[in-house]
Every structure is written in C-alpha cells, then in structure tokens.
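Me: I would like to go through this model feature by feature. Please give the general idea each time, then the case at hand.

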Amino acid sequence: MQKSVLIIFSILFSYSQIMAQTINAPKGRIAIVADGNSPDPDDLGGTTISLALLRSAGLEDRLVHYSHSCDLERDDRISKKAETERHHLMQIACDMTARRWGGFKHLTFFDAIWQKEETITDLCFAINASSKESPLWIIEAGEPDIIGMALQKTPKEKHKFVKVITHHPANDNAGDFYTWQQILDFGIEEVRIPDQNINLKLPIADWDWAKNHTDSRIQLLWTIGKLAEVDDVVKFQKGKWDCSDAGMILYWITGANVNNGLKAGGPEVVKKILLDYIKLNPEPKRGPKKKI
C-alpha cells in the first residue's frame, strides 16, 4: 500500500513539474552548432525537435545561426559515402522542418564542412552583435571546433557576452582543432547541464504519440528521428528515438541558468509544448485540387 502511494505521488509530482514549466527564455539570441555527419545520427531527431520547440515557444526569431555537420574530420567508423548521405539528411532535417513549421525564413542552415567559411562568417556575425543586453547563447550540439574558429576571428571584448550550453563531455573532448579548455580560454561563459540522453534517448515506443498523431508536422518530426534509428553505421541507436541535444533548447526556452530552466526535461514536456502549439495553430485542411 505504502509503495503504491509513493508511486502515485511520484507521478503527480512529475506531472506538476511539467504543468508548472513555462516558456521563460533569458534575454539574448541563440545559435546552434550541431554535427550529425560522423558517426552518430542522433542530430537528425535533435534538429527537428529543436526547431519545433523554438517555433512552438514563439522564439524562432531569436535563432540567429544554425549549422550542422560540424565534425570536421571524418570518423573511421563511417564511410565517405555514408557520411555524404548524412550531410544531405541533416540538410533535409533543417530545411524541411523549417518549411513545414514556419518562422525561419530569416535563417540559412549551413553545412559546416561543405560551407565552412560561410558557416564561420555567419557565427562571427552573431558573436560580433553580442552585448550585455543581447548576449549570444551557443548550443554545443557537436564538436567545438567551429565555435573555436569563430571565437578566434572575433574581438575578445565580445566573448564575455557569449555563453556556451553543453550537456555531454563527448562533444567537448572530441574536437580535432580545439580542446574544451581552449574554448573556455576565450573567456566565454560555460553553461553545463546534465546528460540529456538520460531522459530524451528512450525506447522508440515512447514516441508513438508523434508517429500516430493526425497532424503531419508532428508525424514529420517522428519520421526524421526514425531515420536515425534505422541507420546502419552505429548500433547504439537501435530501438531508440533520440532527440537528446534538443534538451539544451528545452533548457534555454524555459529559462536557462538565468530563470531556472528545466535541466532534465523529458518527452512529456516536449510533447506538451509542441501539442499546445499545434492546438492553437492547426495545419490548413487540404482538399483535392480542382480540375482545370
């Protein structure tokens, strides 16, 4: 009996935490630097959920930079041909999600390898626009090299207005050109949160609500994340639906380290934010085209 009461209390407490969580982003702009090209495909799901969360929170205009494929040296675990596929899949995840959810016409989604100089220049522009009233929050959803290269080319006085959110040492320590300590030595603010894989890399059945939803925008999110699950390069995605890097976006839109953001968000929080938006913004009904 006592155990049952504790379980019920735990469920009610978790639900109250979800319901109490509000959109309360700190001031400033946001930049996302993701990989997804070599070798882990989890950034496919992370990208779609990140963009959908920003749109659902009404913060899409604060996203000033998005680049992917930031692993600048190909890992031996992935073939050249498979990595090329990943570049295309990551671009599709960006462009298709942005088009279907709307709100990102101001943004170009850059491939950090195929458009390296343009990527660095764009991130430099975002850094140079930073100030006390408009800091730049960089989401480190991949290796830190592109971030380091942009910091290297920008004035040191701007770096005190740059904050880098990170959740996993695997990203920090995987740079081919910059160590994590070298990133810190630029004078940026490190914002470290717990490993988001714990709550956002889960059995694929936990996301059946998205697969089976009637709104095609929600179905799209699940479909792109499923591409990572069926990937044949790595085995640790099998049976999982993974949007772990989107946990950093969830943390930021709910307050980050300024307004006590959610450090350990899970699929129920993501689901509530997305479905609240869908409810208020249903997709247009599409009837058969008239014959001419």
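Me: Which residues lie nearest the centre of the largest pocket?

Reply: Rolling a probe the size of a water molecule over the atoms shows where empty space is left. In this predicted model, Asp35, Asp40, Asp42, Ala170 and Asn171 lie nearest the centre of the largest pocket, out of 22 residues that line it. The space in this pocket comes to about 380 Å³.

Me: How many residues of each class are in the lining of the largest pocket?

Reply: The lining has 10 charged, seven polar and five nonpolar residues.

Me: What is the volume of the largest cavity?

Reply: About 50 Å³. The count is one cavity of 30 Å³ or more.

Me: What should I look for in the backbone?

Reply: Most residues other than glycine have a negative phi, and most peptide bonds are trans. Here the bond joining Ser38 and Pro39 is cis, with omega about -15°. Pro39 is placed in the loop between E1 and H2. Ala256 has a positive phi, near 55°, and its place is in the loop between H12 and helix H13 (267-280).

Me: Which tryptophans do ring pairs link into a cluster?

Reply: Aromatic pairs are found from the distance between ring centres, with a limit of 6.5 Å. The structure holds five such pairs, and ring pairs link Trp207, Trp209 and Trp241 into a cluster.

Me: Where do the charged ends of Lys163 and Arg217 sit?

Reply: Each sits over a tryptophan ring. For Lys163 the ring is that of Trp137, with the charged end 5.3 Å from the ring centre. For Arg217 the ring belongs to Trp101, and the distance to its centre is 5.8 Å.

Me: Over which residues is the pLDDT below 50?

Reply: Where pLDDT is low, the predicted coordinates should not be read in detail. The mean pLDDT of the protein is 92, and 90% of its residues reach 70 or more. The pLDDT is below 50 over residues 1-20, a stretch that has four contacts in the model beyond near neighbours in sequence.

Note on methods: Residues are numbered from 1 along each chain as its sequence is written. This is a predicted model: local features need pLDDT of at least 70, side-chain atom pairs count only at pLDDT 80 or more; totals for chains, interfaces and linings use all residues. Side-chain values use heavy atoms; hydrogens and water are left out. On a 1 Å grid over the protein atoms alone, a cavity is a set of points where a 1.4 Å probe fits but cannot get out, and a pocket is an open set with protein on both sides within 12 Å along at least five of seven lines; lining residues have an atom within 4 Å of a point. Grid points are joined across faces, edges and corners, and a volume is the space filled by probe spheres set on the points. pLDDT is the predictor's confidence in each residue, from 0 to 100. Contact means heavy atoms within 4.5 Å. Ala, Val, Leu, Ile, Met, Phe, Trp, Tyr, Cys and Pro count as nonpolar, Asp, Glu, Lys and Arg as charged, and the others, Gly among them, as polar. Rings of Phe, Tyr and Trp (its six-membered ring) pair if their centres lie within 6.5 Å; planes under 30 degrees apart count as stacked, over 60 as edge-to-face and the rest as tilted. A charge sits over a ring if NZ of Lys or CZ of Arg is within 6 Å of the ring centre and within 35 degrees of the ring normal. Helices (H or I, at least four residues) and strands (E, at least two) are DSSP runs, numbered from the N terminus.
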